[in-house]
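Subject: Handing over a structure, with notes

Hello,

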Amino acid sequence: MSIRPVLETRAAQPVIEGAGVHLHRAFGFQDPSELDPFLMMDHFRNDDPAQYQAGFPWHPHRGIETITYVLSGSVEHQDSLGNNGTLGAGDVQWMTAGSGILHQEMPAPDRAGVNHGFQLWANLPSDLKMTSPRYQDVEAREIPEIIDDDGTKVRIVVGNFWGKRGPVDGIAADPQYLDISIPPGVKKTLPVDTYRQAFAYIFEGDAAFADASAPTGILLEKEVGGEEVHIRDMSGDRTLVRFGTGDEVTVQAGEQGVRFLLISGAPIREPVAWHGPIVMNTQEELRQAFRDLRNDTFIRESGM
């Protein structure tokens, strides 16, 4: 067994999207091969409704899948095909945009005014770019949860883990999407398929992710008092951790414990032509998508 080394840790960056929604971007709009097949992930967590209730009015998607995971509050959605509904706390929606869809997403607060969750974008391979759109809406009660003897808790949104399977299926990237909570001070080793790209995103507490040569934490060089020193870095809240190859991830929870997403998927390794919410393989396909938008031919009755 080989522990995946940590290639990089970085803080999510504050951005404003939609009609004025304040959120943090873990990654996206950079090198699309970095976390292939995943393109972008946004973390929305806010206790001021004025900073998110304007939401994400009507906008298009083509050539990707969007995965929305709500922790607090709710997100109402509707689309150009007549679908609509509300995602509540703990619910997941996996939307395959495929050949094209127009939709809107409007966040709403819980009783404390909080709206909290994530949206992940996954690429589609060229042979599925123009497939028919579809939804998989999953209620919180349908998502299996495992609690290990040491108190580690894992919600399995997608994929197989510890003998349980998540409810979302038929996804091109064959992903694994886990919501993991580890109690204070507990060290845990978690399996990850060798052939998938993987990342963690810490959103509560802190932890050290270790590689084989540094089993107690991430060894970094930092300047302290004008001198270069080696320290063990505890990756804190709203931190992206990008892993190298291997079949295990080892994490040491800090004094507060830690909660993070552990996500992996099979790389597509195809050219990417990307502009906003539309992701194709070539610039000509991208131009065609925007011609379709202008000509009102973006939405198709069925995929190709």
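Predicted model: local features only at pLDDT ≥ 70, side-chain atom pairs only at ≥ 80, totals over all residues.

In S11, His43 has Phe118 as its bridge partner, and this pair belongs to the antiparallel pairing of S4 with strand S11 (residues 115-123), which runs over eight bridges. Strands here are DSSP runs (E, at least two residues), numbered from the N terminus, and two strands are said to pair if DSSP finds at least two bridges between them.

Residues are numbered from 1 along each chain as its sequence is written, and side-chain values use heavy atoms, with hydrogens and water left out.

S4 and S11 are part of an open sheet of seven strands with antiparallel pairing, in the order S2-S3-S4-S11-S6-S9-S12. Strand S2 (13-17) and S12 stand at its edges with a single partner strand each, so one side of each is left without a neighbour in the sheet. On average, neighbouring strands of this sheet are turned by 20° against each other, direction ignored; for such angles, axes are lines fitted to C-alpha atoms, and angles run from 0 to 180 degrees between N-to-C directions.

Within this sheet, S9 pairs in the antiparallel sense with strand S6 (residues 64-72) over five bridges, and Val92 in S9 is the bridge partner of Tyr69. S9 also pairs in the antiparallel sense with strand S12 (residues 134-138), again over five bridges, and there Trp94 stands opposite Gln136. Why is strand S9 (residues 92-96) largely enclosed by the rest of the structure? Five of its five residues are buried, so the strand is largely enclosed, where buried means under 20% relative accessible area, exposed over 50%, and partly exposed in between (1.4 Å probe, protein chains only). In a regular strand the side chains alternate between the two faces of the sheet. In S9 both faces are covered, with Val92, Trp94 and Thr96 buried on one side and Gln93 and Met95 buried on the other.

There is also an open sheet of four strands, with antiparallel pairing and the order S5-S10-S7-S8. S5 and strand S8 (84-87) stand at the edges, each with a single partner strand, so one side of each is left without a neighbour in the sheet. The twist in this sheet averages 25° from one strand to the next. Strand S7 (residues 74-79) and strand S10 (residues 101-108) pair in the antiparallel sense over six bridges, and Gln78 has Gln104 in S10 as its bridge partner.

Finally, please look at Asp47, which is found in the loop between strand S4 (38-46) and strand S5 (56-61). Is Asp47 buried or exposed? Asp47 is exposed, with a relative accessible area of 57%. Leaving aside its neighbours within four places in sequence, Asp47 is in contact (heavy atoms within 4.5 Å) with Gly113 and Val114. The C-alpha atoms of Asp47 and Glu284, which are 237 residues apart along the chain, are separated by 42 Å.

With best wishes
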